[in-house]
Amino acid sequence: MGDGGVQKNPGFAGITGDFNLTEAEVRGTDYVGQRPLDGGHPAVAGTMPYQVPPKAVDGPIFVGPFEERLEKVLTRYEDRRGALLPALGIAHEARGYLSPEAMEEVAERLQLAPAYVRGVATFYTMYNLRPVGRHLIQVCTNISCNLCGGEDVLQAFLQATGTGMGEVSADGQFTVIEVECLGACGFPTVVQINDRFFENVQPADAGRILEELR
Amino acid sequence: MAEEQGIETVHCTVNGMAVEVPKGTRMIDAAAHVGSDVPHYCYHPGLSAPAQCRLCLVEVEGSPKLLPACVTVVQEGNVIRTESEAALEARKAVLEFLLVNHPLDCPVCDQSGECKLQDYVSAEGPAMGRLADAKRIVGVDDFGGDVLFNGDRCVMCTRCVRFMREVAQDERLGVVQRGSRAVIDTFFDDGLDGNIWADNVVDICPVGALVSKDFLHRARAWDLDRTPSICPNCSQGCNITLQVRDNEVMRLKPRPNDAVNGHWMCDVGRLDYQWINRKGRIEAPLVREGDRFVPMSWSDTLPRLVDAVRALSSQRGGAVVSPFLSNEDLGAARRVMEAVGGGRSVYRVETGESVVLPGFPQLALREDRAANVRGSQLFGFERVGDGCATGGLEAVDNAEFLLVAGDDLEDAPADFGSGARLFIYIGQLLNPAARNAHFVLPATTFAEMEGTFTNVNDHVQRFWPALRPPGMARPVWQILGVLLSGLNGSPAPARPADAFALLGAARPEFGQLRFEDLGATGNPLSGAATAPAGS
Amino acid sequence: MAYPYQHPSEVRVLSEYFGDPEARTLKGWEARGGYKALRKALGMSPADIVNEVKTSGLRGRGGAGFPTGVKWSFMPKEPTRQHYLVCNADESEPGTFKDRELIRWTPHQLIEGCLIGAYAIRATHCYIYIRGEFFEPAQILAKAIEEAYAAGYAGKDVMGSGQELHVTLHLGAGAYICGEETAMMNSIEGRRGEPRVKPPFPAVAGVFGKPTTINNVETLCSVTHIVNNGGEWYRQWGTEKSTGTKLFCVSGHVRRPGNYEVPMGFNFREFIHDICGGPHEGREVRAVIPGGSSVPMMSADDLDVGMDYEAFVSVGTMLGAGSVIVMDDTADIVKQVRRMVEFYAHESCGQCSQCREGTAWATKILRRIERGGGTEADLTTLVDISNNMAGKTICVLSDAAAAPILSSIGKFRGDYQARFQLEEKLMPARRA
C-alpha cells in the first residue's frame, strides 16, 4: 500500500531482508541450472527449461534436440494427443510464440487436426499467440498482490517501458501484461519475467529491474 | 411391453406420470415418452452429450442438486420433475444468461421462427433483460463452404464442433479461447471448404449462429411449407423435407431416419435443388398432327394414345426411362413394355465419386447420382451411357415402338426416334429430340407427386407432393396406367397406393409391402437384398 | 532457518526443511531420513498403506477435504488395467503458495509421497501436474526426479523390489481450472482443460479412461510422514475429524505473510494476530478469506474459530486450501471482489452457460459499481446471478465466483452502497 510504516517482506526484488540465504540458494539455481535442450530424462522431458525470447527462425521446429525431446515425451503418454501440451511448449520455446505454422507442425507431428490444436493452444494463457518482447513482464494484480499495490507495480512497469498493455516496446525488449495469481502470494507484488519470479516488487523497483534485464 | 421383448426396464415417474423405459435411458428421452420436451441446446441424439448448456436441468427426488436430463440415466423408482419450480427457475436463469450477449436481431436472423432460443425464451424465459452494460461483440465470419458464422448469436452448445469431430471426423471447427471470450472458429483461414458434410452444422445449430449462405435472407422460416420427401440427388435416399415458398423449393433439410441417413445429409444433395424449380416446362399434352403439335386435354389425348399403341401389330420395342422416376412410374413402364412385346429398356445415370460419412458409415454420397437407380434395376431396366448420363441411346435406335419417360434427351441427336413408328415422350422439357415424338406428355417431377423410391440398400421410401405441378402435368404412372387399362381392360390405378399395389406383378418383393405401412421412414424390401445392388 | 518466517507455535512436519538448501538434493534428503518411508511402504501391502492413511484421518489438502484413505479405497483392488496417480501441483487458487514452497525446498518429499501413493493405489505411473508458471520449482523438481531415477527410487524396479513406479512431470500452461481434477485429466490428455461431467468418477475412468486418483502436493507429502510414523502418530495433532498439521499460507495485510504449519484446530485469531504478526501498525483486520478466494469472506468478528474443516463450515465459510487472505481497514472491498470475480471470468472454461455468461456479467456490473455507477438493483442482480450460477454447473468454479459476491454483499453491503452515493454526488441528474 506504499506507506512507510509497513515492513517489507523478504524476497527477491533485491531485498533479502534478514535472511542468511543468497538469492541463488532460495531460487535453487545452484542446484538445477538450466535444463538441457534435449530434455534430459524422459520423465521430465516435457518440462520447458525456460521461456526464451522470440527468434525469427524458419523451417521445422522438431529437429535436432527438439525432436529428441518430443520423442522422449511421447514415451510418457498413452497416445500422441497426450503429448500436445509438452509439444506446444517445445514449439513455444523454439519460436517464442505459437504461430499458425507452429500449430500446424505440432498438429502434423501428433496426428491431430490443426483446428483442434488451435482450440487447445488458445485455452491456455501461457502460449503467446503473437510475438512478444525479449522480456515478457507479467505482473500479478490478483487479490493478494492487489491488496499490496499490484496495480501500482503494473503501472510502474508500463511507464518504465513506455508501452501499453501487451505491446512490444519499440526496442523489442519488453512486453508488459497483467496476469492472474502466480502462486507466490506471500511475496507481493509478484512479477514473472520470462521464467523468473521477482518477488516483493515495489513500484520504485521497476526501473532498476529493467536495467538489470537489459 | 418392453419386458416381453426381453429388454431390461426401469420404472420412473415424470411429472407424475409413470413411465417404463429400457435400462440406460436418459431422463430427457424418458420425459419425451410422456410428451415432455425438456429444453436443451448441447444435447443432440446424433452426438455425444457434454451436458454443458445446463438448460435441461431437472429435479429428481432425493438429489440435492438439479440434474442434467441429457446425461442422467433413469434409475429404478426415480421421481423426475421437469416442470417443478426449481427446474423452471434454473431454466429461466440460463435463458437470461444466454440473452446477456445475444444481439436479439431476430428481425434479420434467418433462424427466426425455428430458433430454439426464441422458442424457449418466449415459452419460459424472463420477461425483461437486466443487462445494463455493453454486450460482447464477436461479429460475422465466413467459415467457407455454405456456412456463415454469426458469433454474437452463438450459445456455445458446441454441437457443430462435435459434429465435425465425431460424425464428419474432420475436425475443422474448434472452440477457440475460453470463458466468455470463447468462440467457434476454424483453423485461421482454413474453412469448411471441401467437406461435403459441413452444412449439417447449420441444421443442428439451435440458434442463428451458423446459417446457410445459399439460403441467406431468402425466406422466413414461417413462410415455408415443409413436405417430407427423399433427396433425389443420389441413390442413398436421404430423408428430407422440401421447404417451399410460393411454389418454389427454397432449401432441403434432412429428416431423421436411423435406417438411412441418421440426422444428416450431404451438401451435394442439399444444394442441388434448383432443377426442381426449372421453368419452361411442358404444360399440356401435345399430339402430333402432321408437322405440328396440337395441345389437347388429357381426355382427348389418352384415347388417341391407346389407339396408337393398339394400331401397332408386331413391333420392336424400346424404352428409355429416368432413374429419377418413382417405383410406380417404373413399374408402369415395365408393364407397358411387356404389353407391347418387350424390347430393350434402358436408363442413364450420372455418376461421381462416393463419399462416406465416417461417423455414420451407412450414409454416403453414392456414386449413382439419382434417387431410384435401384428401382430402375429391379424393374428390369438396363444401364447405358456414360457417367454424365449421356450417350447410349443407340440401344433403342431401331425401336419401332419407343417410350421415353423422364429422360429429357438433352444430348440426343436431333433425329432421335424419328425412325420409330410410335414414339411416346413423357417428360418435363421439350428438347429437340423430343419433338420427334408422336405424343409429348407432360410429367410431374418427384416434388410434384406422391410415390416411392428404392434406395441403394433396397429401402423403399415414400415422398409427398410439395409443389403444384405446372399446367396439366401428371405422374408417369397415371398416364401409363390409363394406357394399360386401354390395352388390357384392367382398372387404371387412381391413387399412388393403387399404383404401388400393382408393383408386385413386376417384382414379387414389392407385393410384400403395403404403401400405407411405409410411413415416413420406409421399409426394407425383403428378399431383394440378395440381388446385386448398384453402388 | 525457516523461509521466510517461522514461529515457535508452529508444528513443522512438512515444512521442517524450508530454508535448508541442502534438503533439495538427494544426498541431503537421504541424510534427513528421506526415502525411508518408500522402503517401508514397499514392504507393506497396498491395502495396509491405505488402512494406515485411513487411520491417520488425513484429508485432501487441495480444498475439498475428502479423506485420502477413503479416496484411495475407491480404486479397483485387482488392477486389470493401468492405474494412474496424478499429483495436483497446479496451485493457482489466489492466496495459495504452499505447494510451491514444498516443491522448491523439499522436492524429494513430494516424489517419495507420489511413489508411495502410486504403489498404494496399484498404479505404476504418477503424473505430477505442475502449473506452467512454476518454471523454477519445476526445474528443481525435474532435477530431483532425475536423481530419484538414477538412484533407483523410481523406474522399472524400485529399490530392487521388483515394483515398477514411474513419475512424469507435466507442465500446465496457464489455466486455473486445470486445478479441478477432471479438467486436469483432460489437460494431461492434451485437451482443453474443461471439467468433465461426473459420473464417471476418476477412480473408474480418469486419465486416458483408466482408473485414476488425484491428490494434492501437500496430501502426498503428508503420506510420507504417515507411512514413516504410523496413522496414530498423525492423529496426535488436530481435532477428531480434522487431523494432523496443515500448511497455511497467509497473504495480504499482515506483518509477516508466509507459510506456517500448525495443527488443525489452531485458534484463527491467535494465528493471525500472533503467528502472522497481526495487522500493520495502526490498522485493524476487517475481512479475512480463510481458504483462498473461492471461499466466503469472514468479518473480523468471526475470528475466534478453530482452523479446521468443521469449524470454518460452522461460521459459513470453508478451510479450502488453507490460504488466508487478510484485508485490513484500508482495503477496498468492492474493488477486491471485482478483482476476484474478474479472475473467475478470466478462468472460466466457458462450457456451462451459467458460469461463462454469469462471471462475465457480474464483472461488468462490479466494474460499474466500482466506478460509481451502481444502484441498489445491481446488488439484487448480483445476488441473483450468484445464486443462479452456484450449484448448477459441471464444476464448482461458478460456486467459487459466487462466494465472494454473496459473502461481501452479505457482510459489507455498506461498502457497495457508499459507491452509489458517490455516483449521486457526481451525477445527480442521471439518477433522477
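Colleague: How do the residues of the lining of the second largest pocket divide into nonpolar, polar and charged?

Modeller: They divide into 19 nonpolar, 16 polar and 13 charged. Ala, Val, Leu, Ile, Met, Phe, Trp, Tyr, Cys and Pro count as nonpolar, Asp, Glu, Lys and Arg as charged, and the others, Gly among them, as polar. This is a predicted model: local features need pLDDT of at least 70, side-chain atom pairs count only at pLDDT 80 or more, and totals for chains, interfaces and linings use all residues. Residues are numbered from 1 along each chain as its sequence is written, chains are lettered from A in the order in which they are written, and side-chain values use heavy atoms, with hydrogens and water left out.

Colleague: What makes K210(C) and E78(A) a salt bridge?

Modeller: Their closest N and O atoms are 2.9 Å apart. A salt bridge is a side-chain nitrogen of Lys or Arg within 4 Å of a carboxyl oxygen of Asp or Glu, so the pair qualifies. The count between chain C and chain A is 7 salt bridges.

Colleague: How many residues does the contact take from chain C and from chain A?

Modeller: The contact takes 89 from chain C and 73 from chain A. Contact means heavy atoms within 4.5 Å.

Colleague: What area do chain C and chain A bury between them?

Modeller: About 6500 Å², with 57% of it on carbon and sulfur atoms. Buried area is the accessible area (1.4 Å probe) that two parts lose on being put together, summed over both. In chain C, F135(C), Q139(C) and R339(C) lose the most area to chain A, together 12% of what that side buries.
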